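Hi everyone, thanks for coming along. I'd like to walk you through a few local features today, so let me put the sequence and structure up on the screen.

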Amino acid sequence: MICALDRTEAAASALKHAAVAELIRRRPEPGCPLEGPAQMPATYDEFTEDELRDALAETRDGAARILGLAHDLEVKLPGTKAAFRAGVLRQAKVAIIAGAVANLDPAEARAAEALVLDRAGRLTPGGLRAAIARAVLEVAPDKARKRREDAQQDARVQLWREDSGNAALMGRELPPAEVLAADQRITWWARQLKQAGLEGDMDVLRARAYLDLLLGKDSRPAVAPAAGQDSEDREPTSSTGATDDGPHDDSGPHDDSGPDDDSGAWPSEPGGDADDPGDYEPGEPGDGEPGSDVDDPGDHGFQAPHPAGPHVPPTAGVLPAGFAGHINLTTPLAALLGLAERPGELSGLGPVDPALARDLTGAAARNSKTTWCLTVTDEHGHAIGHGCARPAPRSREPTQRAKPGPPGGHDPPGGPGSDPPPRFTFTGSSDHGPPGGYGSWRLSTGIPDQPDLIITVDPIAQEICDHRFEARGHDPGVKLRHLAQIRHATCVAPSCRRPAQQCDFEHNIPYEAGGRSCLCNGGPTCRHDHRLKQHPRWEVAQITPGTFRRTAPSGRQYTTEPTRYPI
């Protein structure tokens with residue numbers, strides 16, 4: 001009943017937008033004839049928005065969005081319109097598709113929607129947003145890059161009042177590399193606050209870290225003087241300045257922008273026609289809560305001064321500008337080698353255009369601590385092989401020394417002082433690799449003094465499993481866990497998008513009941529869905545090594561396929 005009513009609601013909304021399209025036909029801009037298969041004018045009369053606004057008691061921006069969506073469904077997105085009318089897609093998902101193809105012509109928009117419509121109804125909003133963004137990048141990579149570059153001219157910081165009475169602050173249209181670096185810095189400082197004893201979960205601590213970084217504050221709790229030590233003998237706990245015990249690098253992204261209105265009143269919502277911040281989904285396509293309280297490789301090895309010592313503001317720059325720690329950037333090999341224009345995928349942000357993927361990969365290649373992996377996919381983008389790189393043995397021949405980089409840390413990719421871009425090569429290795437695998441390969445960045453990398457590609461079980469990576473006990477080995485996270489980059493539950501690195505390796509048949517610790521009997525599962533699986537009214541089956549099927553108490557079944565990577 002609920003699903004039927006959801007389809008009915010979607011169909012009714014589709015009829016409303018069809019009626020709005022008819023209004024556009026009857027209110028064309030003077031000089032704009034009805035044209036094309038849909039018989040729609042290029043645009044509508046200036047005051048059509050006001051007519052719809054008054055009829056629906058809507059804002060002008062809201063009326064403009066309804067008119068724009070109705071026009072796009074008729075002219076650009078006939079397939080989406082049909083799915084909308086059939087109740088397969090509700091209005092929120094239709095708006096995601098229309099927003100993604102906004103700068104495409106009708107033929108390109110139809111090509112992009114065709115790449116996602118077969119599964120759009122089964123995807124979550126975050127999953128659909130990632131899928132249609134990837135489709136747009138495949139169909140029109142140059143237009144996607146231009147849209148990204150043009151939108152940076154609309155960068156802004158928005159301030160508004162939350163319904164609770166608190167406030168919100170959000171940056172929009174910021175450079176991806178700097179956003180990732182800033183996010184890492186926030187997480188790092190939140191961990192220092194946690195280690196110092198500040199109360200709160202990671203969401204709360206990240207919010208506190210965000211304000212600390214912006215305001216140059218240090219919110220770590222003060223530590224009482226040791227016995228026999230006068231408080232006057234202690235180092236001052238000033239929130240400004242650095243000491244020999246603290247961080248010393250003051251590089252990092254800065255933004256001096258702020259609201260233009262200095263009246264002191266809170267705006268009721270972000271200005272302009274921005275998306276409702278309540279719909280903002282950070283971390284797509286992962287959709288994992290950024291503050292989840294789990295260990296991950298994001299600690300970077302940097303440590304803040306102990307709270308008993310001098311307090312140094314986090315803006316003193318313990319973390320350098322640019323990337324630090326682990327960032328998962330997936331770039332198709334053909335794009336990396338310059339053989340094709342294919343989109344990449346950046347964990348935490350989602351699909352990125354080929355130019356940005358190459359720039360970020362080039363920036364990562366210049367860092368000797370960057371780790372490299374190779375994933376082999378089938379024609380659907382499912383991972384069927386994976387290998388992690390190790391340095392090749394160095395030859396005895398002298399190598400060319402790299403020129404010293406500019407002082408003061410890393411420049412942004414392609415910025416002033418940047419070195420020539422890497423020249424990647426990928427060739428076969430003399431080692432044939434493991435039986436049943438995909439061989440052994442040599443990857444070279446072409447950067448002086450950096451060794452070539454050897455990548456041995458192991459198979460990933462999708463349909464048949466030979467148990468080669470089965471663990472002897474309950475806990476999975478490092479490789480088994482890693483391959484499971486590559487096969488499913490998010491939780492295996494059908495509507496959960498928590499990153500696999502923040503999930504447990506969950507045995508489908510419990511180990512205590514004779515289940516294997518193997519790719520054919522497990523995958524990454526978040527704590528919530530782990531508890532759901534154990535509920536007696538729910539059932540989860542691993543019908544093939546790579547496919548999971550969940551059965552709800554109602555008897556409805558939902559299937560999760562392996563992650564689709566860029567191809």
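Leucine 215 is exposed, with 57% relative accessible area; exposed means over 50%, buried under 20%, and partly exposed in between, with a 1.4 Å probe and protein chains only. This is a predicted model, where local features need pLDDT of at least 70 and side-chain atom pairs count only at pLDDT 80 or more, while totals for chains, interfaces and linings use all residues. Residues are numbered from 1 along each chain as its sequence is written, and side-chain values use heavy atoms, leaving out hydrogens and water.

Leucine 215 is found in helix α10; helices here are DSSP runs of H or I with at least four residues, strands are runs of E with at least two, and both are numbered from the N terminus.

Next, arginine 156, which lies in strand β1, residues 156–161. Is arginine 156 buried or partly exposed? Arginine 156 counts as partly exposed, because its relative accessibility is 22%. Arginine 172 is 16 residues away from arginine 156 in sequence, yet their C-alpha atoms are 5.4 Å apart in space.

Finally, please look at the open sheet of three strands, ordered β14-β15-β16 with antiparallel pairing; two strands pair if DSSP finds at least two bridges between them.
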